[in-house]
Amino acid sequence: MKFDLGEVVMTRGISNLMETDFALWIHDCLQRHGNGDWGDLCEEDKQMNEMALKEGERILSAYKHDQVKIYIITEYDRSITTILLAEEY
């Protein structure tokens with residue numbers, strides 16, 4: 001991992017998906033996030049994440065699979081990482 005994820009939490013929408021075939025995909029996305037693979041972000045947002053790693057700012061990743069888009073957000077102090085559906089943002 002490139003950085004500490006802290007406590008990992010999820011919204012109700014993600015929790016509901018964890019009971020489906022999306023569970024492995026969500027787990028994979030969390031691993032990608034922690035390893036610095038920011039997913040489906042534009043280059044500018046990816047650069048902001050790289051700066052956030054150095055400066056202790058919030059980190060955001062986005063991933064899309066079929067019609068499902070999720071965000072993973074790690075707070076600036078690395079105390080908590082939240083997984084949520086795009087429509088829950």
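**Exercise A: a helix and its packing**

Which residues of helix α2 are buried, and what do they pack against?

*Solution.* Start with burial. In α2, the buried residues are Ala23, Trp25, Ile26, Cys29, Leu30, His33 and Gly34. Buried means under 20% relative accessible area, exposed over 50%, and partly exposed in between (1.4 Å probe, protein chains only). The model is predicted: local features need pLDDT of at least 70, side-chain atom pairs count only at pLDDT 80 or more, and totals for chains, interfaces and linings use all residues. Residues are numbered from 1 along each chain as its sequence is written, and side-chain values use heavy atoms, without hydrogens and water.

Next, the partners. These buried residues pack against β1 (7-10), α1 (12-17), β2, β3 (68-74) and β4 (80-85). Helices (H or I, at least four residues) and strands (E, at least two) are DSSP runs, numbered from the N terminus. Contact means heavy atoms within 4.5 Å.

Then the geometry. Helix α2 covers residues 23-34, twelve in number. From first C-alpha to last it reaches 17 Å, close to the 16 Å expected at 1.5 Å a residue. That expected span is 1.5 Å times one less than the number of residues. The helix lies across β1, β2, β3 and β4, at about 145° to β2. Axes are lines fitted to C-alpha atoms, for helices over the stretch in contact; angles run from 0 to 180 degrees between N-to-C directions. After α2 comes Gly36, with a positive phi near 85°.

**Exercise B: the sheet**

In what order do the four strands of the open sheet stand, and which of them are at the edges?

*Solution.* The order is β1-β4-β3-β2, with mixed pairing. Two strands pair if DSSP finds at least two bridges between them. β1 and β2 stand at the edges, each with a single partner strand, so one side of each has no neighbour in the sheet. From one strand to the next, the twist averages 15°. Now take one pair. β1 and β4 run parallel and are joined by four bridges. Val8 stands opposite Thr81 in β4.

*Solution.* Define the set. A nonpolar core is a set of buried Ala, Val, Leu, Ile, Met, Phe, Trp, Tyr and Cys residues joined through side-chain atoms within 4.5 Å. The largest has 23 residues; Trp25, Ile26, Val68, Ile70, Ile72 and Ile83 have the most contacts inside it. The elements asked for are α1, α2, β2, β3 and β4. The largest share, five residues, comes from β3. Now look at Trp25. Leaving out residues up to four places away in sequence, Trp25 touches Tyr63, Lys64, His65, Val68 and Ile70.

**Exercise D: a serine in a strand**

Is Ser61 buried or exposed, and which side chain does its own side chain join in a polar contact?

*Solution.* Ser61 is in strand β2 (residues 59-65). Its relative accessibility is 0%, so Ser61 counts as buried. Its side chain joins that of His33 in a polar contact of 2.6 Å. A polar contact is a pair of N or O atoms within 3.5 Å; within protein, one must be able to donate a hydrogen and the other to accept it, and residues adjacent in sequence count only if both atoms are side-chain atoms. Beyond four places in sequence, the contacts of Ser61 include Asp37, Trp38 and Tyr71.

Where does Asp66 lie, and where does Arg78 lie?

*Solution.* Most residues other than glycine have a negative phi. Asp66, not a glycine, has a positive phi of about 55°. Asp66 lies in the loop between β2 and β3, and is exposed at 57% relative accessible area. Arg78 has a positive phi near 60°. Arg78 lies in the loop between β3 and β4, and counts as buried at 12% relative accessibility.
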